[in-house]
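Let's take a walk through this structure together, one region at a time. Keep the sequence and the 3D view open as you read.

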There are 2 protein chains.
Amino acid sequence: MTKLFLFIQKTLLPILILIFFSQNIYASNGKATWIWYPGDYDIWLGNEMSNRRTERGAFFPPFWKMDSHYVLVEFSKKIKLTAPEEISIFVEGQYNVKLNGKLLFGTPEKLTLPVGEHDLNIKVYNQKNVPAIFVSGKTIFSDSSWLVTFEDKEWIDESGKASDLSATTYLSAASWDFDTPEARPSEFKLAQTPMEAVSSVKKNNGILVDFGKETFGFVKFHKLKGKGEINIFYGESEEEALSTEYCETLDKYSVNNSIAEDYTLPNSKAYRYIYIESDAEVKFDKVSMLYEYLPLDYRGGFRCNDNEINQIWDVSAYTMHLTSREFFIDGIKRDRWVWSGDAIQSYLMNYYLFFDSHSVKRTINLLRGKDPVTSHVNTIMDYTFYWFLSIYDYYLFTGDIHYIKEIYPKMVSLMDFVLNRTNSNGMVEGLSGDWVFVDWADGFLDKQGELSFEQILFCKSLQTMVICADIAGNSDEKTKYEKLANSLLSKLESQFWNAEKQAFVHNRKNGEMSESITRYSNMFAILFDYVDENKKQAIKNSVLLNDNILKITTPYMRFYELEALCALGEFASVTKEIKEYWGGMLKLGATSFWEKYNPDDKGTDHLKMYGRPFGKSLCHAWGASPIYLLGKYYLGIKPVKPGYEEFSVSPTLGGLEWMDGSVPTPAGDISLYMNKKEIKIKAHNGSGWITFESKKKPQSANGNIESLGNNKYRMLIIGDGTEKVIKYQGK
Amino acid sequence: MTKLFLFIQKTLLPILILIFFSQNIYASNGKATWIWYPGDYDIWLGNEMSNRRTERGAFFPPFWKMDSHYVLVEFSKKIKLTAPEEISIFVEGQYNVKLNGKLLFGTPEKLTLPVGEHDLNIKVYNQKNVPAIFVSGKTIFSDSSWLVTFEDKEWIDESGKASDLSATTYLSAASWDFDTPEARPSEFKLAQTPMEAVSSVKKNNGILVDFGKETFGFVKFHKLKGKGEINIFYGESEEEALSTEYCETLDKYSVNNSIAEDYTLPNSKAYRYIYIESDAEVKFDKVSMLYEYLPLDYRGGFRCNDNEINQIWDVSAYTMHLTSREFFIDGIKRDRWVWSGDAIQSYLMNYYLFFDSHSVKRTINLLRGKDPVTSHVNTIMDYTFYWFLSIYDYYLFTGDIHYIKEIYPKMVSLMDFVLNRTNSNGMVEGLSGDWVFVDWADGFLDKQGELSFEQILFCKSLQTMVICADIAGNSDEKTKYEKLANSLLSKLESQFWNAEKQAFVHNRKNGEMSESITRYSNMFAILFDYVDENKKQAIKNSVLLNDNILKITTPYMRFYELEALCALGEFASVTKEIKEYWGGMLKLGATSFWEKYNPDDKGTDHLKMYGRPFGKSLCHAWGASPIYLLGKYYLGIKPVKPGYEEFSVSPTLGGLEWMDGSVPTPAGDISLYMNKKEIKIKAHNGSGWITFESKKKPQSANGNIESLGNNKYRMLIIGDGTEKVIKYQGK
């Protein structure tokens, strides 16, 4: 904690309580960007995006509470100049400028500051958009070195003398990549690029246009002429587009063009097919679209000898790209909202594909919203816990301590909400207003009482609080969460383990264990290392590989199921499963992966969900998990210390002949090639052990290989940008 | 608590938890009006208003946190029709309409509902303005019988089956007087009327225009022509307008009119004088203004034989009207903000002048804002307490139980904030970030430690919580607040009373009473009846009538000081004081009453404050207290039971020969005439005792007069609209 005194005019003497800013207060990043109050832009942009959903022509907003940005924000910066400097000021909102405590007339757009030390304050009011500024001079730039606050605790007394009890909390400003004055945050749009249809045929009373694959964008009519109505029915499948009664999204447009003109619909939609019916007088040459997307680099990659797996990886990556938009959304046809349980998987896939940290933070911030907490994240209990877990993941993959400190107070208030809803056993159960989700499972899940699955997520959330309290420097809270986590952890086995069935039971009601066994808590217990090696093996046989236990039919929970099998080394099963499950969708013509896939379904049953014939999303982020599994468990690359300062590499072919891929990290990619005789690896930063099995003693000219016994070996990899080659004998 | 089941489509089955609505759910008020989420419009309008302040041409927003409306709100109504009915729907925002759970296409503006029972839901998103609707049919009207919520706790499972654990909190919708589709809440403007200047003379390098009295509005140039700059300097005094360097508000305008045109400035300002300097080429015929005001009826009135007092009442009423705008603001020149300590006095004056309950609720709602509470109201500890007190006052004067129930949860969260900041003695002291204000008193007040004044306000706030918890039906919380209030009350005398000085001391530090005596806590102890009759008399002599105790120089604290003297029956002193203090301002030419008045000041010293030569506000709401004193203590009319269901009338001439006035109540005015021989009184509702002194046995043909001994008498007045006459013999 640093204390600074800002002398503002003769009237004000606020004490700045600077939280986690130990850097030189005069420092700057050397480049101007639009800045705002942390989290506020994400909330605002989230409102814009979430309110674009329509269902059969009706506006369909989220049902949970939507928050707002702070409408009045003060930006401030301490400046030291050795030469006079002119700055330009661009603002979104009504504003004033205070230099060394003196309010300047009007709303200056240019300002010359003399030599010396200065306090520059810009106060902005904006109800409609987020208060934001862009300030640029020769050495003065708006960036994260500026401080922001939504309230001054400063005042004057009658004589103009300042109070000395003020205590304003400042945060460092947030930004994205709006790096020019013209790139106003309120005018943000995703990128667009024209795309042609692959076919257009007469069908029923109209025409059916096929874009060849699942896509997202604005439908464009070329040389549209005449007077009348056009009805556009969207479909992720041909059946859906042709179902004018039941397709999930549609548009109507009234044409009145005496001269032919191109017309692009104002709203972007998800579809592969569109079916168009129009009045006889309405004519157009053709239909194309503007594909709308977030520009992202595919930094991760994966190729192997199995083309089906390569195709699965490609379609997974495309599914991820389609659902990585203003935020990581669930599916592109329907909700187009941000759901925490879906998002945590997008984050994890993102770390193995785009490594776009801005998108992770935006999504975490939007999901959390503002205080007070009035319900669980997305109203779902499990989704609250995933929110906590995602923050530790973010820290581990990126090493971004600053963000942990920024978000920590909001972690505390959300955890307070949870702790206020625990029962006398210190456990969570669904209270009035809590949606206990777990998974889509056709009414087979009992959601009553203490679910072992929810307690395990709760426990991991408390452990996340311990880590983050420590990072935030709050030892009292660290101790508090440690106690709570340890207490809950100690109850998991005693209150949920059924020794006869060798598994965690699904739930307890009125203090009695149920007889029901489900996969959820059992796989998370393995993933979180909450059971010893013996129990892991027991669970593998009694639950994971036991066909009598309720099967998982969503890629969502299959994500964790397969991850647990990977963690247990069951790669043969996982490879088989990836090929059967995701390969199964490909065989049915999928060009992106689905919300749910049940191999037992037939024909158009695959399209049904929520009691609606086309209710299912055919492009759902949680369908893309092979990206994560192949990167983390096959290439075997993951961070050991935050931000890949130390990494580990445990490559496994899992039945493949060879694989070749790369995994992004904050500083460069880690690339790996492996066949049964050779491993090649290159890293650009940090260091880490590569661990592998070899039937004979491996060799490398690039390092010392240590034997770990049992045919296991390891070698230290230094991230110096050079390729290390290991000769070995694989299975 | 009533539970209703709303079947929304086949997908949703939310349980409505209806809070405090026991009326028929199908009922309606029979007239459509724009409706919104309670409190939200007040917050939005408050942001609009508070951000209009300028200081010498710079935007000058409040320093405290500004909140926002809920951007996504659902309006719902259960409807029962015996004939089909068409409704018109007007909405501020993007919206959808759901009839019996089914989303309708697009955004219908007309809708015909068939015979039967219906659930009508309209969901509105609006970031910039407040989500609001106006629905009108033959029997269906948007009004306070509609329910609103900012979050649904409702969801579906995979099969479309509804959860049965949902728990959405609904409030009844709020409204003001936007009673036509065209009267959109977002377009609200105060009324305007043209006003001419009384003089316009050349002065220095420009012209000085005098509007004859303090006023507020938009300056208008007639037949403005030429090219160049106009500088407009505003002054509440001639000196201020002529001080181009130091006047508090000013405007610049660039003219480029080849043809003469009228021009009205876009921003309204407060002034009596304006001084205009313009470039030589710029010409105009004359300057007038558009007076801007909230249309309000002067329901209260007061006339007596003393013309100075009549003038004081008139100028007080005008001061109140100028400061009663979108909200009750402090002063019209400077802050133009809402301050809780100022507002509570405006409310009290309002009950004796306009009886405009909408303005009271708007102001209370704006001051409270939204959760979470991050600082005291206006950052000032005492202002938090006045906020609580004002709610009980509102209830007592209006009897509006509905509002108490609506605001109660926000009382609880603000009181939680206070309770989290008490010391181990259960008392409040100024912590970092707390402004301990008390009064403007030139640095003579010690603000450290436990101030007796703050504890007394805190205690009264806790007692207010007891009453409101009871109204809200929360007996646990009632008990909790009762304990806290009683505990604090029991400490007031033991910890602050100095028996030697016969007064409450100002404060305690480190458990030690200080020696300092100030008027504040002593007058409030009398007003709140926290001391017995002996101590009241002791305080009167040792403090109130003791010239050695620091004098009060603000009308703000003089309000309570004179009220305490009235409560002690010291009317001779009060009449003298009103004439000297408020009469003193009139003699100095005041056309509205000031923020502060020190009779010892000379010349332009009267205009100084905050270290600025024209810093003082010459039209400040708290200057208008004679309205309240004359109504409540001279006419002597006040509510005994909420909403004047029972009232009391204790008229006192206080040295006057006769007085004639009226006091508004929720149902008609109570009017009273009194001279030394006769009292005439008329009420239109409720009933109450008139109590008075008479040297001989009084007589009335309109009721039984009872003797109370000691020359005191009383008679029951029934509010039947007829005048009752009492013959008596006064002093």
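## Domains of chain A

The centres of domain 2 of chain A and domain 3 of chain A, taken over C-alpha atoms, are separated by 37 Å. The domain bounds come from an automatic or database domain assignment, which gives chain A domain 1 (2–182), domain 2 (191–293), domain 3 (301–632) and domain 4 (635–727). Before going further, please note that this is a predicted model, in which local features need pLDDT of at least 70 and side-chain atom pairs count only at pLDDT 80 or more, while totals for chains, interfaces and linings use all residues. Residues are numbered from 1 along each chain as its sequence is written, and chains are lettered from A and ligands numbered from 1 in the order in which they are written.

Where domain 2 of chain A meets domain 3 of chain A, 15 residues of domain 2 are in contact with 14 residues of domain 3; contact here means that the C-beta atoms of two residues, placed from the backbone, lie within 7 Å. On the domain 2 side, at least two residues each come from β16 (206–235), α2 (238–242) and β18 (269–278) of chain A. With 3 residues, β16(A) gives the most to this side. Helices (H or I, at least four residues) and strands (E, at least two) are DSSP runs, numbered from the N terminus. By class, the domain 2 side has 5 nonpolar, 3 polar and 7 charged residues. In this scheme Ala, Val, Leu, Ile, Met, Phe, Trp, Tyr, Cys and Pro count as nonpolar, Asp, Glu, Lys and Arg as charged, and the others, Gly among them, as polar.

## How the two chains meet

Now for the contact between the chains: chain A contributes 60 residues and chain B contributes 60 residues. On the chain A side, the elements giving two or more residues are β4 (58–59), β7 (94–99) and β10 (116–125) of chain A. The largest share, 3 residues, comes from β7(A). The side of chain A that touches chain B divides into 24 nonpolar, 21 polar and 15 charged residues.

## Covered helices

Helix α14 (residues 626–634) of chain A has 9 of its 9 residues buried, so it is largely enclosed by the rest of the structure. A residue is buried if 20 or more other C-beta atoms lie within 10 Å of its own, exposed if 12 or fewer, and partly exposed in between, with C-beta atoms placed from the backbone. Among the buried residues of α14(A) are P626(A), L630(A) and Y634(A). Just after α14(A), G636(A) takes a positive phi of about 75°.

Over in chain B, helix α1 (residues 40–50) is mostly covered, with 9 of its 11 residues buried. The buried residues of α1(B) include Y41(B), W44(B) and L45(B). Part of what covers the buried residues of α1(B) is α5 (357–368) of chain B.

Back in chain A, S452(A) lies in helix α8 (residues 452–471). S452(A) is buried, with 27 other C-beta atoms within 10 Å. Setting aside neighbours within four places in sequence, S452(A) is in contact with F496(A), F504(A), V505(A), H506(A), N507(A) and S521(A). S452(A) and V505(A) are 53 residues apart in sequence and 6.9 Å apart in space, C-alpha to C-alpha.

## Strands of chain B

In chain B, 3 strands form an open sheet in the order β9-β6-β11, with antiparallel pairing. Its edge strands, each pairing on one side only, are β9 (110–113) and β11 (132–136) of chain B. Strand β6 (residues 85–92) of chain B pairs with β9(B) over 4 bridges, and two strands count as paired if DSSP finds at least two bridges between them. S88(B) stands opposite K110(B) in β9(B).

Further along, strand β30 (residues 678–682) of chain B runs antiparallel to strand β35 (residues 723–727) of chain B, joined by 5 bridges. There, I679(B) stands opposite I726(B) in β35(B). I726(B) is also the bridge partner of S700(B).
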